[in-house]
Amino acid sequence: MQENNSEYLFSSITMDLSWNTDVGETMAGFFQRLKAERRLYGTRCSNCLRVYLPPRPVCGNCWQQMNDWVELGEQGTIVGKTVCYYEILDSMTGKPRTTPFVLGLIQIDGADTTLNHFVETPDPDHVSIGDRVETVLRDTLQGNVGDIVHFQWLGPPTTSSQGSKK
Amino acid sequence: MKARPVAIVGTGQTRHRKARPDVHQGEMVQEAVNLALLDADLSWDDIDAIVLTNMELFEGRALPDLWCSEFAGGLGKPVMKVATGGTSGTSGAIAGLLQAASGLFDTVLVVGWEKHSEGSTQTGMSLTDPAWDRHIAAGAIGNFALSISQYVAERGVTGEQAAMVAVKARRNGALNPNAHVKDAGITVEKVLASPMLAEPVHLLDMCPQSDGAAALIVVGGDKTRRYKNPAWFRGSATRHDQPYIGDHDKRMVMMRTLRSAAQEVYRKVGIGDPFKEIDIAEIYEPVSYAELAWYEALGFCAEGDAGKLIESGATQIGGDLPVNPSGGVLCSNPVGATGVIRVAEAARQLHLKAGDYQVDGARRALVSGYGVYTWSDVLFFSAERP
Amino acid sequence: MKKYQQLRASVHLPFSFAVGATASRFYRALRDEKTIYGTRCDNCQRVSVPARSFCSHCCKTIDHHQTGQWIALPEYGTLIGWCETPNKDGFFTALIQLEGADNLLLHRVGQCDAVLLHKGLHLRAAWKASAAGTITDIVCFKPERRA
């Protein structure tokens, strides 16, 4: 029992727990494709044609089973952005992330949804909505989401780097 | 089967604080329950059923219902727990109200609580999808900031306008003895000078993490007769949405769960112009910018006019539509209790028991609950019996 | 291509639980006085151990500062039930009726031959030399001869 400066006691523990999570056939398919081809894939709803990343087996909007895999681009566009200055513990390590870091909502070319992820850049203050980023994968892929390390900031769109929406 | 009229006739809240080392979770729950029973002039024997709301991941304590239902007076009674993220409290209130409205129980106790001082709230938030989201967790603040960047880009609201929301909240909170964060002397400049958490969100733009509990007493049938100013339940709606942050476009701008739930409630209750026809609103604003976005989603102003609405002063106490006269979530946020607090504060206005922050002529009150964009609840109460 | 996949998801997080004023006093007394305290509900007169702030039978607050509600209990009692498979540390998880208490204390029994264990066996608390203010300041309850 731990004591603070008051008369009250605390029971302090660090939880170290592990679970085995079945990711399901769709997410497994995504990770396996990522590992084999170094490429991101989404799933497409045959009803509304929305392409989902993260992929999933059912389009919630249409309550429709999705069976189509769509190959996605290596680049994307920042549609939302922030620079974080506060400390947060990484639940998997129990350690805080180094601040500041840039978070982006990234629309990968070919996807209709956006991803929240870390944006790597030499100058956080110059990252803007509309800027282009490139997916950075780790060298040796393991077939899990950790394979996507971050997104490298490329700068404002140029004609050549502009993503073509399907 | 037709639902019968039900009303909230008692509320109880702890003094919400950064930490309550003097009580464990169950003892904190009991404090709120005792106050609600006192407020409704009822005893433990009068309670027929209990609804609990708590987010156990924040405290890392399994089966909070097992540990806390006896402190809520649940021994030998039907007890259930409701958890829908930030909406837990409003969802629990809806469950309790509908249990009484169905005629199944005459008197239902709803109690919600959270003890954020005991765990890692920001990280607890991110213990969601283990295959994906856990790896890129940035907590609630980072995710809010991402959505806010889209809202700002779309609507052009300014940091000053958001800070006005924070100022209104903390000044209202200074009138509320239960509020955790209160500051009668706060200014827009002080908010903008507070540390940056995640652009454009300053420390004082964010809600706190509180220890606290809140309870409601719902009664139906003949049991309503002895009360002078019951807060009559007129209708509610609840909506879920897809789980990942990027699943739909510009979610703070669109906020389709809240929009759709509000539209359903307005239709049920017969409200054409929410700004004119609602007397007071207690809405779930986890961050200053959210209150502006929710003004639009709730139809308090035209799309894009939220900045003008806060500048007009209409949402202050004494304005045409006071929003969060209690100080709101920006002043107290024990998550499992926060939605219950919204309902309790709306009911207190109709009970005419809101003390220094009583809104004159409060007869129609709107409540909203927010759970990570993925859930929205809207409830409506009136002084007039349905 | 593998059709299914399982991930190992680990969580490492710190927590610090407030035990509250009543339990704080209980653990402090274990540590500083080597005394087990219970609380008596002034409505139904039930004595609960460990001490607690609330009687769930009466839905009434128990105030440990009130005379008659904070009760020092003897450190001895009888064995009511136990798990016959010993824990890794050799102790047996057990329910113990402390004399003067109206509920059963969940603790462990040991420092004896397992064949000795029987319902109604007289037990006495065996204390740890260096107390820390936790329930394991009592190492276990062990059998004792009593007249």
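## Helix α1 of chain A

A:Arg38, which lies just after α1(A), takes a positive phi of about 50°. Helices (H or I, at least four residues) and strands (E, at least two) are DSSP runs, numbered from the N terminus. This is a predicted model, in which local features need pLDDT of at least 70 and side-chain atom pairs count only at pLDDT 80 or more, while totals for chains, interfaces and linings use all residues. Residues are numbered from 1 along each chain as its sequence is written, and chains are lettered from A and ligands numbered from 1 in the order in which they are written.

Helix α1(A) covers residues 24–37, and its 14 residues should span 20 Å at 1.5 Å a residue; the expected span is 1.5 Å times one less than the number of residues. The end C-alpha atoms are 20 Å apart, which agrees. The buried residues of α1(A) are A:Met27, A:Ala28, A:Gly29, A:Phe30, A:Phe31 and A:Leu34. A residue is buried if 20 or more other C-beta atoms, placed from the backbone, lie within 10 Å of its own. The cover over these buried residues includes β3 (41–44) of chain A.

## Contact between chains A and C

Chain C contributes 26 residues to the contact and chain A contributes 29 residues; two residues are in contact if their C-beta atoms, placed from the backbone, lie within 7 Å. On the side of chain C, the elements that give two or more residues are β1 (6–18) and α1 (20–33). β1(C) gives the most, with 13 residues.

Strand β2 of chain A (residues 9–22) runs antiparallel to β1(C), and 13 bridges join them. Within this pairing, the bridge partner of A:Trp19 is C:Ala9.

## An open sheet in chain C

In chain C, three strands form an open sheet in the order β3-β2-β6, with antiparallel pairing; strands pair if DSSP finds at least two bridges between them. The edge strands, each pairing on one side only, are β3 (47–48) and β6 (70–73). Strand β2(C) (residues 36–40) pairs with β3(C) over two bridges, and C:Thr39 stands opposite C:Ser48 in β3(C).

## The largest nonpolar core

A nonpolar core is a set of buried Ala, Val, Leu, Ile, Met, Phe, Trp, Tyr and Cys residues joined through C-beta atoms within 7 Å. The largest has 197 residues, of which B:Val111 and B:Leu216 touch the most other members. Helix α14 of chain B (residues 335–351) gives the most to this core, with nine residues.

Not counting residues up to four places away in sequence, B:Val111 touches residues including B:Val29, B:Ile50, B:Leu52 and B:Ala213.

Key: Buried ≥ 20, exposed ≤ 12 C-beta atoms within 10 Å, placed from the backbone.
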